[in-house]
Amino acid sequence: MYGGGSGGAANANSLFGGGGFMPSQSNTIPESSGGSLSNSKGNESAPSSRAGGDDAGRRHRAEPPDARPRSLRMDWAACDLPLHGEDARFGHAEAGFVGVADGVGGCRDDAVDANAFSRELMASALAYVEQAAKSSKLRRRLRPEDVLERAYEKAFINGTPGASTAVIMSLDGATLRWAYIGDSGFAVLRDGKIVHRSMQQQHYFTCPYQLSSDGDGDSLSKAKVGDMPVEDGDVVVLGTDGLFDNMGDEKLEHAVSMGTELGLSPKNMADTAARIAYNVSMDEWADSPFSRECSKEHGELVCGGKKDDMTVIVACIVSKDS
Ligand SMILES: [Mn+2]
């Protein structure tokens with residue numbers, strides 16, 4: 001467990017509540033077909049069950065009886081601002097999958113490459129999604145929690161050292177799905193307002209829930225899984241804690257509203273959000289989500305942002321015709 005503290009042991013039988021490791025199809029990494037993978041070193045709330053979904057997911061789950069399947073796609077792009085080089089991400093436009101992961105920084109103390117585990121998680125997730133994307137039947141059934149499980153399984157079996165938080169999301173018809181663990185998260189915006197967001201899962205301040213290869217991390221059964229219907233024009237922002245610890249809801253809503261009004265591309269919106277968060281992170285007098293949590297923790301007013309890697313994915317939900 002990095003960041004301190006202790007948690008439940010990760011083991012094969014505890015993956016998403018007892019399913020265990022399934023026969024892996026992810027040992028073969030197919031040729032890239034529209035997918036994208038990056039890590040920042042290179043270049044550029046409450047546990048739920050697998051079947052459960054979270055509260056917001058349930059609230060939004062019921063669709064009008066006359067709703068016909070809508071043809072939507074994700075138009076996505078990313079911005080990476082590396083500091084320690086511990087973040088990684090992937091995306092596959094055709095399959096409608098995106099994800100980010102954050103190697104937990106405590107690994108630095110152990111002279112472990114803190115990026116190795118997050119990088120492998122995202123690489124394995126992309127490989128599995130690419131494989132599934134070749135079959136429309138398989139693609140329809142693919143869920144973010146399955147991809148996270150397969151990716152974790154592969155990193156675990158390979159003994160890749162380290163620990164990581166992660167979030168994986170998919171667009172399936174007009175349904176947005178997610179699975180996440182720790183403080184890598186997302187927000188869904190409609191008409192410039194956040195209509196749903198993930199909750200940071202942590203054991204205590206600065207110690208997020210995390211998957212690890214050494215049996216000292218958290219079980220995947222602690223991952224939050226959910227879904228909600230989305231519409232043409234919705235904007236999904238995924239990020240590691242470097243984004244959300246520096247960028248409060250108001251700033252995020254402002255950035256996305258501005259991007260939508262100006263017709264900015266997902267890439268420009270991701271760059272804009274990352275730049276705003278970066279400026280906060282470098283401002284020792286800033287009022288940030290991180291400084292507010294610090295203030296609560298220490299019982300006195302603390303100012304400033306949090307210097308960290310930042311990985312931002314902006315996925316605009318658009319009609320397939322556009
Ligand atoms: Mn981070």
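**Notebook: a predicted model, looked up piece by piece**

I began with Gly239, which touches Val100, Gly185, Phe244, Thr311 and Val312, leaving out residues up to four places away in sequence. For touching I used this rule: two residues are in contact if their C-beta atoms, placed from the backbone, lie within 7 Å. I noted that this is a predicted model, where local features need pLDDT of at least 70, side-chain atom pairs count only at pLDDT 80 or more, and totals for chains, interfaces and linings use all residues. Residues are numbered from 1 along each chain as its sequence is written.

**Gly239, continued**

I found Gly239 in strand S13 (residues 235-239). Helices (H or I, at least four residues) and strands (E, at least two) are DSSP runs, numbered from the N terminus. Is Gly239 buried or exposed? Gly239 is buried, with 33 other C-beta atoms within 10 Å. The cut-offs are 20 or more other C-beta atoms within 10 Å for buried, 12 or fewer for exposed, and anything in between for partly exposed, with C-beta atoms placed from the backbone. I also looked up Phe186, which is 53 residues from Gly239 along the chain; their C-alpha atoms are separated by 6.1 Å.

**Whole protein**

I counted 8 helices and 14 strands in the protein. Of its 322 residues, 52% are buried.

**The core**

I turned to the largest nonpolar core, which has 81 residues. Such a core is a set of buried Ala, Val, Leu, Ile, Met, Phe, Trp, Tyr and Cys residues joined through C-beta atoms within 7 Å. Which members touch the most other members? They are Val237, Ala273, Val312 and Val314. Helix H2 gives the most to this core, with 13 residues. I then listed the contacts of Val314, again without residues up to four places away in sequence: Trp76, Ala77, Val235, Val237, Pro266, Met269, Ala270 and Ala273. As background, nonpolar side chains tend to be buried together in soluble globular proteins.

**H2 against H4**

I took helix H2 (residues 114-133) and helix H4 (residues 144-158) next; they pack at an angle of about 125 degrees, with their axes 8 Å apart. That angle makes H2 oblique to H4. Axes are lines fitted to C-alpha atoms, for helices over the stretch in contact, and angles run from 0 to 180 degrees between N-to-C directions. Angles under 35 degrees count as roughly parallel, over 145 as roughly antiparallel, 65 to 115 as roughly perpendicular, and the rest as oblique. The crossing of H2 and H4 is right-handed. A crossing is right-handed if the near helix is turned clockwise from the far one by less than a right angle, and left-handed if anticlockwise. From H2 the contact uses Phe117, Glu120, Leu121, Ser124, Ala125, Tyr128 and Val129, and from H4 it uses Val147, Arg150, Ala151, Tyr152, Lys154, Ala155 and Asn158. Sorted by class, I have 9 nonpolar, 2 polar and 3 charged residues in the contact of H2 with H4. Here Ala, Val, Leu, Ile, Met, Phe, Trp, Tyr, Cys and Pro count as nonpolar, Asp, Glu, Lys and Arg as charged, and the others, Gly among them, as polar.

**H6 against H7**

I looked up helix H6 (residues 249-261) and helix H7 (residues 266-281), whose axes come within 10 Å and cross at roughly 150 degrees. H6 and H7 are therefore roughly antiparallel to each other. Their crossing is right-handed. The contact is made by Lys251, Leu252, Ala255, Val256 and Gly259 of H6, with Asn268, Met269, Thr272, Ala273 and Ile276 of H7. By class, the contact of H6 with H7 has 6 nonpolar, 3 polar and 1 charged residues.

**Two positive phi values**

Asp191 has phi near 50 degrees, a positive value in a residue other than glycine. I placed Asp191 in the loop between strand S7 (185-190) and strand S8 (193-197). Asp191 counts as partly exposed, with 13 C-beta neighbours inside 10 Å. Thr206 has a positive phi of about 70 degrees and is not a glycine. I found Thr206 in the loop between strand S9 (202-204) and strand S10 (207-208). Thr206 is buried, with 21 other C-beta atoms within 10 Å.

Thr175 is in strand S6 (residues 175-181) and is partly exposed, with 18 other C-beta atoms within 10 Å. Beyond residues up to four places away in sequence, Thr175 touches Asp227 and Pro229. Gly226 is buried, with 24 other C-beta atoms within 10 Å.
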